[in-house]
Amino acid sequence: MISTNIKKNRILFLDRDGVINKKRVDYVKNIDEFEFLPDIFNAIRKINELGFIIIIITNQSVVNRQIISEKKLKQIHDHMLTVMEKNSCKITKIYYCPHHPNENCKCRKPKTGMIEQAVEDFKIDLSNALLIGDSDSDIQAANKMKIKSIKIKTNGNLNKLIKDIERMFFR
């Protein structure tokens, strides 16, 4: 179990859809539709080996759009975590926003509620944090929190960013 004080650790916030799994226009609605991106396990293992704690922050309006239930989303996330673990990959926590964009909540990116909750839960020092996402809202949330960020091409290869991550933290 990870300590709830990870202040000195490096933190990597990752978006989910388009970064870890293939982004679908019609949303990921079940485990069968959850398709890991190529080489994602190698990337996550390398990032873990660099000492990063990985926290996923993901907008999942699919819940409040009533396309899937929170129970179904939990099943999808549990499946993702189980497969990650079987591939020697460690994800510390998943934060998700279930709200529709029109609900004007505090957690939906580009707002910062999920990041703020992670900071509170884990006592994170954001000077040691990086956010990688595939949308402008991901990068806007990082900018609002003054976190380093990298925008990856949707359904891109996270593995190709390892050298950039190393340069940012290990000069």
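**Note on the predicted model: salt bridges, sheet and pocket**

1. Asp 138 and Lys 109 form a salt bridge, with the closest N and O atoms 2.6 Å apart (a salt bridge being a side-chain nitrogen of Lys or Arg within 4 Å of a carboxyl oxygen of Asp or Glu). The two residues are 29 apart in the chain, Asp 138 belonging to helix H4 and Lys 109 to the loop between strand E3 (93–97) and helix H3 (113–122). Helices (H or I, at least four residues) and strands (E, at least two) are DSSP runs, numbered from the N terminus. Asp 138 counts as buried because its relative accessibility is 1%, and Lys 109 counts as buried at 4%. Buried means under 20% relative accessible area, exposed over 50%, and partly exposed in between (1.4 Å probe, protein chains only).

2. On the basis of the model: this is a predicted structure, in which local features need pLDDT of at least 70 and side-chain atom pairs count only at pLDDT 80 or more, whereas totals for chains, interfaces and linings use all residues. Residues are numbered from 1 along each chain as its sequence is written, and side-chain values use heavy atoms, with hydrogens and water left out.

3. Lys 109 is joined to Pro 110 by a cis peptide bond, with omega about 25°, and Pro 110 is placed in the loop between E3 and H3. Asn 104 is placed in that loop as well; its phi is positive, about 55°, although Asn 104 is not a glycine. At 58% relative accessibility, Asn 104 counts as exposed.

4. Asp 17 and Arg 16 are buried.

5. What is the order of the strands in the open sheet? Five strands form it in the order E3-E2-E1-E4-E5, with parallel pairing; two strands pair if DSSP finds at least two bridges between them. E3 and E5 stand at the edges with a single partner strand each, so one side of each has no neighbour in the sheet. Neighbouring strands are turned by 20° against each other on average, direction ignored (axes are lines fitted to C-alpha atoms, for helices over the stretch in contact, and angles run from 0 to 180 degrees between N-to-C directions).

6. Strand E1 (residues 10–14) runs parallel to E2 and is joined to it by five bridges; four bridges join E1 to E4, again in parallel. Ile 11 has Ile 53 as its bridge partner in E2 and stands opposite Ala 129 in E4. E4 pairs with E5 over four bridges in the parallel sense, where Ile 132 stands opposite Ile 150 of E5.

7. Strand E4 (residues 129–133) is largely enclosed by the rest of the structure, because five of its five residues are buried. Side chains in a regular strand alternate between the two faces of the sheet. In E4, Ala 129, Leu 131 and Gly 133 point one way and Leu 130 and Ile 132 the other way, and all are buried.

8. The largest pocket has a volume of about 310 Å³. Of its 19 lining residues, the closest to its centre are Asp 17, Lys 23, Asn 59, Gln 60 and Arg 108. On a 1 Å grid over the protein atoms alone, a pocket is an open set of points where a 1.4 Å probe fits, with protein on both sides within 12 Å along at least five of seven lines; lining residues have an atom within 4 Å of a point. Grid points are joined across faces, edges and corners, and a volume is the space filled by probe spheres set on the points. Strand E2 (52–59) and helix H4 (136–144) each supply at least two lining residues.
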